Amino acid sequence: MTADKPRLSRAHALDLLKTMIRIRLFEDKCAELYTREKIRGFLHLYDGEEAIAAGVIPALEPGDRIVATYREHGHALARGLSMNTVLAEMYGKASGCSGGRGGSMHLFDRATNFCGGNAIVGGGLPLAVGMALGDRMHGEDRVSACFFGEGAVAEGEFHESLNLAALWTLPVLFVCENNGYAMGTALEYTESETDIHVKAASYGMTSEAVDGMDVVAVEAATRRALARIRETGRPHFLECRTYRFRAHSMFDAQLYRDKAEVEGWRKKGPIVRFQGWLTETGLAHADDIARIEQEIHAEIDAAVAFAESAEWEPLEELTRHVVAEERPAPPVPAAASGETDETTYRDAVKEAISEALTRDDRVFLMGEDVGRYGGCYAVSKGLIDSFGPDRVRDTPLSESGFTGAGIGAALAGMRPIVELMTVNFSLLALDQILNTAATIRHMSGNQFGVPLVIRMATGAGRQLAAQHSHSLEGWYAHIPGLRVLAPATLEDARGMLWTALEDPDPVLIFENVMLYNRTGQLDRNAGPVDIDRAAVRRQGADISLITYGGSLFKTLDAAEALASEGIDAEVIDLRVLRPLDDATIMASVSKTRRAVIVDEGWRSGSLAAEIMARINEQAFWSLDGPLARVCSEEVPIPYPKHLEDASIPQAPKIVAAAKAALGR
């Protein structure tokens, strides 16, 4: 079979037909099971679009990766996932392909490189780009295929991903399943340009539209695309024009289109069309079709029996697969050399990045202006000269796109360091961090993990006004599946990165902007440090001052001021905001019997509030007085210096809070 002109042998024609009928009959059964409440949640059926999965997926190589959308049952079956495990997953059973954790919208299978359905519209596009990037950097000859509906075309991630794939010359096959409706809104009401492949062509990639109801045309276009991708390494875009015969999901009453429109499309559906042609040409006979349907019905009956009899996951395993159960042992502290050099926090971070790039060829740095410009805070200045533009990779201003690409590269075996210029900009990538990086291990039943590090500057104090001065690390510390670090000392700035890069789960590192210029002595043997425990930075007996990041040194200053008044304060540097080191916190509070928490986040819903709640839960009977906290005022951070200073924790406020807690 050539790339341009597939020759339809009888055997191949029957395989194509069987693939489509198998998907259709399986989903008919799923619709029935949904009405019987065996399958719950959202159920998005592929009815009418079978020619795309049947035409594209068998043309891929086993090593190629697939990122699907939430309407992915057809993709999964065409890729070779067992119908038993797919249906068991839709039941939510432990023997499902994702361990029952993903359900209908999140089918995963590492063995077939089926990298999961994604329930966020457009959310899978950056992942496919990142997987292709990782494979290219590793010298792997793979294609990443990404399926999505035409509704994703309106999302920023669509444009960010196509731009990155074309800009970086990545082997991605983009497959747009244009079924005419983004949920209930017709394409003509959402896009000023409804010819989607024209949009893709504007990014400088080969793009074509194909009749998505014609399985032969889809397969021919796919083989052309794959041959070109493998030859050139460049992305290719297929717009497959199709139609879904059923509702957007089983919840959908379909009031936005009439029955006549649906019936008109059904008459030219992919199975009716191909089966009719095969019987007319004599490539298939009635007994062939009867045999195929009989085999599929038997397979479906077996799958239903398997799902019905499968075990539920025990309640005792509820908290499994949020993070990896096996993590590297904490690093052995390097023996002090006795020789130190004066350095800055900025240079300590830079040295950590340089060491990581030197030690592991899977590591690369990616972000806005990290290369030629040297980083917004000059952290990566000069690294591009040492490691080149592949390893120190400048990105467009597309936070969601390149963060998602970092996640995809991690899934492909790389160890990316993604730099988000400031915590404010991270909100543009929050979808990828929250809905993808933090959830894939859980949703895939531990088949996939995301070992990447995301660094960002945080905090106020530089008169950057309200949109560049947030301290949102407490927000991220709320999210299961992430590890959140806040290095304050030179040793942690130098040592946390390497340990984080060895972690099997996503790690976020928050670098307070007021620390970059801080100088101090750093031992020449400084190396990786533990990222599990808090540290006692000052021993004390009268009160515990608990803080992290940019507030640490203000808190130490406050402790010295308190000492001058005869108050012996212990200072705890949390270092790790998720998971919190409760043991160190409770040991300190049980000793001093009083505590003040210092947190640059806003007071309402703050990390400080969480710590206070934990102390009340675990050490209440050790307390001799009420807990207190010092947080930022409930205002957007002001621009004028005197107002900015007044809005965030300062040493005098900490002193006053500690004295009040002691009744002085």
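1. The sulfur of Cys176 lies 7.9 Å from the closest cysteine sulfur, that of Cys240, which is too far for a bond. A disulfide is counted here when two cysteine sulfur atoms are within 2.5 Å, and by this rule the structure has 0 disulfides. Cys176 is buried, at a relative accessible area of 0%, and Cys631 is buried too, at 7%. Buried means under 20% relative accessible area, exposed over 50%, and partly exposed in between, with a 1.4 Å probe and protein chains only.

2. A word on the basis of these values. The model is predicted, so local features need pLDDT of at least 70 and side-chain atom pairs count only at pLDDT 80 or more, while totals for chains, interfaces and linings use all residues. Residues are numbered from 1 along each chain as its sequence is written, and side-chain values use heavy atoms, with hydrogens and water left out.

3. Which strand order does the open sheet of 5 strands have? The order is 1-2-3-7-6, with parallel pairing. Strand 1 (65-67) and strand 6 stand at the edges with a single partner strand each, so one side of each has no neighbour in the sheet. On average, neighbouring strands of this sheet are turned by 20° against each other, direction ignored. Strands are DSSP runs of E with at least two residues, helices are runs of H or I with at least four, and both are numbered from the N terminus. Two strands pair if DSSP finds at least two bridges between them.

4. Within this sheet, strand 2 (residues 144-149) and strand 3 (residues 172-178) pair in the parallel sense over 6 bridges. Cys146 has Phe174 as its bridge partner in strand 3. Helix 8 (residues 215-232) packs on the sheet and touches strand 3, strand 6 and strand 7 (236-241); contact means heavy atoms within 4.5 Å. The direction of helix 8 makes about 165° with that of strand 6. Axes are lines fitted to C-alpha atoms, for helices over the stretch in contact, and angles run from 0 to 180 degrees between N-to-C directions.

5. A search of the whole structure gives 58 salt bridges, each a side-chain nitrogen of Lys or Arg within 4 Å of a carboxyl oxygen of Asp or Glu. One of them joins Arg273 and Asp211, with the closest N and O atoms 2.8 Å apart. This pair links distant parts of the chain, 62 residues apart: Arg273 is in helix 10 (residues 270-281) and Asp211 in strand 6 (residues 206-211). Arg273 is partly exposed at 36% relative accessible area, and Asp211 is partly exposed at 31%.

6. Asp394 forms a salt bridge with Arg372, the closest N and O atoms being 2.9 Å apart. Asp394 is in strand 10 (residues 392-394), and Arg372, 22 residues away, is in the loop between strand 9 (363-367) and helix 13 (383-391). Arg372 is exposed, with a relative accessible area of 65%.

7. Arg575 and Asp530 meet in a salt bridge at 3.8 Å, N to O. Arg575 lies in the loop between strand 18 (569-573) and strand 19 (576-578), and Asp530 in the loop between strand 15 (519-523) and strand 16 (535-538), so the pair ties together parts 45 residues apart in sequence. Arg575 is buried at 6%, and Asp530 is buried at 15%. Elsewhere, salt bridges that share partners join Arg24, Asp28, Asp47, Glu50, Arg246 and Arg266 into one network.
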